[in-house]
Amino acid sequence: MSQAYGDEVAALLRKAQGRLHEAVASFVEEFHQGLTQASPGGTILGCLNSEELASVRRKQAEHWDMLLSPTLTPEVHYERALHVGRVHEMVGVDLPSLIDGYGLYHQSMHAALADCGLDAGEQKRLAEALRQRLSLDTEARLVSHSSVEAETVATLIAVSKAIREASHLSDLLHGAIGALSTLDGILACVFSRPDAQGFLQIEAFGGEAGREYADAMQRHQASLVNTSVDTVSGKGPAGRAWQTAEIQIADTYGADAHLRPWQADGIRLGFRSTAALPLLDDDGQSFAVMAVYSRWPGFFRAPQRQLLLRHVQQVLSHAVLRCEQGLVIPADLRRKYRQRVEEGAVRMLYQPIIDLRNGQVHHVEALARIESAQGELIMPGDFLPALGKAGLLSLFQAGLEQVCRDRRAWLDMGLDIPVAINLPPDGLTQDAYRDILFETLSRWDLPPTHVMLEILETQDPADTLKRDARIAEFQRCGIQITQDDLGSGHSSLLRMHRVPFDAVKIDQGLVRNALEKPMRALEFIHHLTALAHAFDIPVTVEGLENEGLIEAVAILGADRGQGYGFAQPMPGEQLYAWRRDFEAAINIRQPRTALGALASCLLWDRQLTALSGWPDMVETFVRTPCTLRNYLDRLDPPAPQLVALLERNRACAVQGAKSSMYRRTRQELITRLSRDWVDNGRAG
């Protein structure tokens, strides 16, 4: 690389500099024409005003001149390229665009060298030097890309850690917003909830600009955001986020007409783009909004930052609900619940978990209920908050006793089905739980392999060493450990990496979203299933209430399923008869529902994308009969328009997954199938 610099190269550059310098104008023009026609390049340029566009052209010319400077050293070059690469990352330039740009650099320089006054040998020597300079430039920008990506992942982990460690709303917001505000490019974060009149009141903020913005709101220098769509202040990103329950992004803060009520303060504080994240309850309804502001236009369009936004939205939604939505239980009712547990009025129901690959029962989950004095079964969400440590231990002991009794009865009838029982938050660090578990199993003459433990804990305990030692002790005895909250507010890649789970369960809150936003829910389920499988961990999906959900998660690769679509929780004495009559026919190659067809569409697109580097294989793959066509061929009445749309989509797919016509027809397919899923009762 040192041959690209030094006296010899400097002399050649001085000799050819006039012609090379003349080529800069045509290069800049050609570069920007190509960028304008490409995506995301056109989107990025669309975020800039005329003055900024002129500045970009000027800096592009300066960079060209730097690359051709006789006095350039590798150290200075590398530092400048790192800086430029970081700027590109901030405004969302992706790696394919970067590579294309360097291809244009190379072509333009090669063309300029052909008529620069150098002989053939000098041209060859200088061309090699410039190639090496471009290589160093590319390397530095790739380093910038990796650096920004690593910082984003670190921020994601920091936000998750802050949320995991907080127990009160104020600490939760302070930690999460503080972690998010440290990400380079973010100027401010504000957390708001509506008052009785429907105006979003800022309750927490991050960054100095966030403080000033909050002060302006409180002094009414800036308009308060209204949650109503019928008001001017309800049409900005925060208002739309509340109304739509979807993340809203404004790439150009100063040019977005819907931001006019806040632009004076925002521009003064340096806001160039913003994203509004609605925090959602279990029904998918907005209850708060987190707004994030950047110093860069287009900042929130970068894929890794969109993933960060979705992660923050999900984990913060769950965490705030956990802190704020605690059930209010009168003292006398608390006493009655504790008394019923001590009296042994615990009733265990069993819900089957089905192997989605063969349709057989894999195991059952034991679900605790309390029976009231009037014979009513009380759900865990009602009584668990009333139980302290002693009450939870008594509940576990009574529940395990009943599980072992039922398990022994099943064995006597020839029914050998393992049982999973939930372990309370302190179950992995309190010796009493271990002692009760082994003593009860021994008394009922049941080996440890007959039970599985589902970890209810969503926050890591203070004593993680004891937790890990206890898990290892259980697993040495053959007891499998399941993580019960993958996809909920506190589950994370870090936790899966730290704890050697034998299985994970995808939170049913994600599945619930498939009833209203099917493709979004399927994307999450596919991502989380792939994440668990990367750790060689089988996945159970909860909340499968109908054939469509069962079919979809099976197609997406989930290993097991649980929900009313298979069976409701039942008393132990009913399990034998249910098992005798149960049948589950799951054929992932022949979906019978629109949601199953949607899942196959998602999977097919992922496979096409994976083959993008092998055009010959793409053509063979596209022409191979697909699962979606199998679904359409079975429809009664037939859907010729959908069949024609699929054929157009597959014809376009030969051009690759990034083909605009392929993406357009794919979206039309998704829209039609989603509508069919919703319109046909979410089952056909």
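1. Glutamine 248 stands opposite alanine 276 of strand E4. Glutamine 248 belongs to strand E3 (residues 248–250), which runs antiparallel to E4 and is joined to E4 by 3 bridges. Strands pair if DSSP finds at least two bridges between them; strands (E, at least two residues) and helices (H or I, at least four) are DSSP runs, numbered from the N terminus.

2. This is a predicted model, in which local features need pLDDT of at least 70, side-chain atom pairs count only at pLDDT 80 or more, and totals for chains, interfaces and linings use all residues. Residues are numbered from 1 along each chain as its sequence is written, and side-chain values use heavy atoms, with hydrogens and water left out.

3. E4 is also joined to strand E5 (residues 286–294), by 8 bridges, and the two run antiparallel. Proline 278 has valine 289 of E5 as its bridge partner. E4 and E5 form a hairpin with 5 residues between them, and glycine 284 in the turn has a positive phi of about 80 degrees.

4. In E4 (residues 273–280), 8 of the 8 residues are buried, so the strand is largely enclosed by the rest of the structure. Buried means under 20% relative accessible area, with a 1.4 Å probe and protein chains only. Ser273, Ala275, Leu277 and Leu279 are buried on one side, and Thr274, Ala276, Pro278 and Leu280 on the other.

5. Helices H23 (residues 594–610) and H27 (residues 660–679) pack at an angle of about 160 degrees, their axes 8 Å apart. H23 and H27 are therefore roughly antiparallel (angles over 145 degrees, on a scale from 0 to 180 between N-to-C directions).

Note on methods
Parallel < 35°, antiparallel > 145°, perpendicular 65-115°, else oblique. Buried < 20%, exposed > 50% of the residue type's maximum accessible area, 1.4 Å probe, protein only.
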